[in-house]
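Hi,

Here is the structure I promised to pass on to you.

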Amino acid sequence: MPIVFEDVDYVYDPETPWQTTALRDVSLRIEDGEFVGIVGPTGSGKSTLVQHLNGILKPTCGRVRVDDIEVGADRGRMKELRQKVGLVFQYPEHQLFEETVRDDIAFGPKNIGLSEDEVQRRVRWACRAVDLDEQILDRSPFELSGGQMRRAAIAGVLAMKCRVLVMDEPTAGLDPRGRANMLDQMRRLHSGGMTIIMVSHGIDDIAQIADRVIVMNEGSIGMQGTTREIFRRYEDLQALSLQVPRTAQIMRRLREAGIPVPVDVLTINEAADALAEVLRGKNCGAEEHNHRSVHSR
């Protein structure tokens, strides 16, 4: 189910004193099963971009197609579009509104006319997908911890069995353990074949999990490429007031200090492997030197 933007502009409050162009001439393609990270400075158009994916916003100019549905043009198919594309806003726990967790997760499936048996199957499946204990299903969502509330809100989107999941700042406000759990859940969903699009200020999160990165700047696409390609462009990112992942920053400093490590490292495990390789090389060099010294006596 490819997603295609063709020369898209979006203008807020057109023909008023508050008119603002949020997207300018955006063209991109996201293939089935990709995990795409979207980054950029505040106000660069990231959230505006993803809100086109399930028809919350419609292009002022240009076209957005999701599979065979053109957003804004196929108005009769917006319900179908929203079953294909699930959008989880920043702080999704604010989307909770029903009396019980079960009812909140079941809301979408019920509204598309599924049988009660199928609705409850989806509720249980969505709970498993986000590691939410089914024992809390009959509690009020407002009695849950912050992390549980977030997972319940995401489960409500997943219960629609969408093929594309769009996450806007999914780790915002979470502690390190909650953040790690959220990233693990997204990995599992992606490994199951779901297309994931993740908007985040968390450069380190994007580096750990995304296959490809789109960098937004002033409403346009400033750069796009594989995760490693993008985070290798240190100076270009700095010019946009963006950082590279912390591990890459450390490796770059080591390289500048004369230690021969790669600078396109993205994760702690990669950094550990690279440093181990350098140490092995030094140890081999020292052993060779000692061997020669012994034989020269």
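An open sheet of 6 strands runs in the order 6-7-8-3-9-10, with mixed pairing. Strands (E, at least two residues) and helices (H or I, at least four) are DSSP runs numbered from the N terminus, and two strands pair if DSSP finds at least two bridges between them. Strand 6 (85-88) and strand 10 (220-226) are at the edges, each with a single partner strand, so one side of each has no neighbour in the sheet. On average, neighbouring strands here are turned by 15 degrees against each other, direction ignored.

Please keep in mind that this is a predicted model: local features need pLDDT of at least 70, side-chain atom pairs count only at pLDDT 80 or more, and totals for chains, interfaces and linings use all residues. Residues are numbered from 1 along each chain as its sequence is written, and side-chain values use heavy atoms, leaving out hydrogens and water.

Strand 3 (residues 35-39) and strand 8 (residues 195-199) run parallel, joined by 4 bridges; Gly-37 has Met-198 as its bridge partner in strand 8.

There is also an open sheet of 4 strands, antiparallel, in the order 2-1-4-5. Its edge strands are strand 2 (20-30) and strand 5 (69-70), each pairing on one side only. Strands 4 and 5 pair over 2 bridges, and Val-66 stands opposite Ile-69 in strand 5.

Finally, Leu-53 sits in the loop between helix 1 (46-50) and strand 4 (61-66). Leu-53 is buried, with a relative accessible area of 3% (buried means under 20%, with a 1.4 Å probe and protein chains only).

Best wishes

Conventions
Buried means under 20% relative accessible area, exposed over 50%, partly exposed in between (1.4 Å probe, protein chains only). Axes are lines fitted to C-alpha atoms, for helices over the stretch in contact, and angles run from 0 to 180 degrees between N-to-C directions.
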